[in-house]
Amino acid sequence: MSTEKELIREKLVSNYNSIFEKKLIDEIVEVGSLQSLKNGEILIDIDDEMTHIPLLINGVVKIMRADESGDDIVLYYLEKGDTCAISFVNCINRSKSMFKGIVKKDMEGIFIPVCLIDDWLKKYESWRHFIIDSYHLRLMEMVESIDRLAFLKLEERVYKYLNDKVAIEKDNTLIITHQEIADDINTSRVVVSRLLKRLENEGKIAIRRNKIILEDLL
DNA sequence: ACATTAAGTGATT
DNA sequence: AATCACTTAATGT
């Protein structure tokens with residue numbers, strides 16, 4: 001047996017022994033290839049063809065999606081013991097990657113050709129569980145990302161709301177309560193209070209009782 | 001001084 | 001982000 005295969009087996013056993021059954025580990029050792037990528041290298045880019053699936057041994061990969069303005073939206077991070085379950089969909093229907101994966105910490109992973117992924121789902125219970133768990137985890141992390149984005153949007157909405165109000169009143173000191181704002185933008189008072197606190201810390205507004213003073217206008 | 005209402009906080013889901 | 005359960009601060013009577 002070659003040195004590389006021994007190395008792969010060793011790394012698999014120390015990181016995935018509790019998850020994968022023995023026969024599956026044997027098979028991964030047969031077909032997997034060990035690769036390492038350095039910080040900043042691109043693991044996968046949008047529209048790339050998926051040819052291999054990585055099982056992370058160590059390091060960190062940031063998975064993201066580019067938005068309209070060219071900013072990147074971070075979806076989730078991959079660490080040791082993780083895999084990019086979303087890419088399995090790409091494997092099965094042979095589509096291209098929707099995401100970009102960039103190495104954030106020198107990474108080492110065992111790469112598995114995509115053609116085997118589907119077979120293993122039928123063949124190995126441990127593989128099936130691994131994929132489903134991973135998929136679930138990824139989904140949860142994405143939901144968190146969505147929450148964060150929604151939160152940012154809400155802060156913007158509040159600020160815009162205040163500016164609109166100032167334009168109408170023709171006075172940069174608004175007589176308004178947090179509750180009223182909350183009612184107008186359909187959220188809770190607590191949330192508004194916290195958002196306003198943030199805006200205040202950013203120096204955009206000053207908060208008094210029943211009053212909000214807009215420092216500089218939008 | 002006391003009651004009422006607005007705003008702030010921490011924990012939980 | 002929303003809700004709950006409290007606390008704290010400001011105001012009116």
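Q: What makes Thr 177, His 178, Arg 189, Val 190, Ser 193, Arg 194, Arg 209 and Asn 210 the residues around DNA strand B?
A: A residue is near a strand if one of its heavy atoms lies within 4 Å of it, and these eight names are the residues around DNA strand B. Please keep in mind that this is a predicted model, where local features need pLDDT of at least 70, side-chain atom pairs count only at pLDDT 80 or more, and totals for chains, interfaces and linings use all residues. Residues are numbered from 1 along each chain as its sequence is written, chains are lettered from A and ligands numbered from 1 in the order in which they are written, and side-chain values use heavy atoms, leaving out hydrogens and water.

Q: How do you know that His 178 makes a polar contact with DNA strand B?
A: A polar contact is a pair of N or O atoms within 3.5 Å (within protein, one must be able to donate a hydrogen and the other to accept it, and residues adjacent in sequence count only if both atoms are side-chain atoms). A polar backbone atom of His 178 is 2.8 Å from a phosphate oxygen of DNA strand B, so the pair meets the cut-off.

Q: Why is the pair of Phe 20 and Trp 127 called tilted?
A: Rings of Phe, Tyr and Trp (its six-membered ring) pair if their centres lie within 6.5 Å; planes under 30 degrees apart count as stacked, over 60 as edge-to-face and the rest as tilted. Here the centres are 5.7 Å apart and the planes at 45°, so the pair is tilted.

Q: Why is the pair of Trp 127 and Phe 130 called tilted?
A: Their ring centres are 5.8 Å apart and their planes at 40°, so this pair is tilted as well.

Q: Why does Trp 127 count as buried?
A: Buried means under 20% relative accessible area, exposed over 50%, partly exposed in between (1.4 Å probe, protein chains only). Trp 127 has 0% relative accessibility, so Trp 127 counts as buried. Phe 130, at 7%, counts as buried too.
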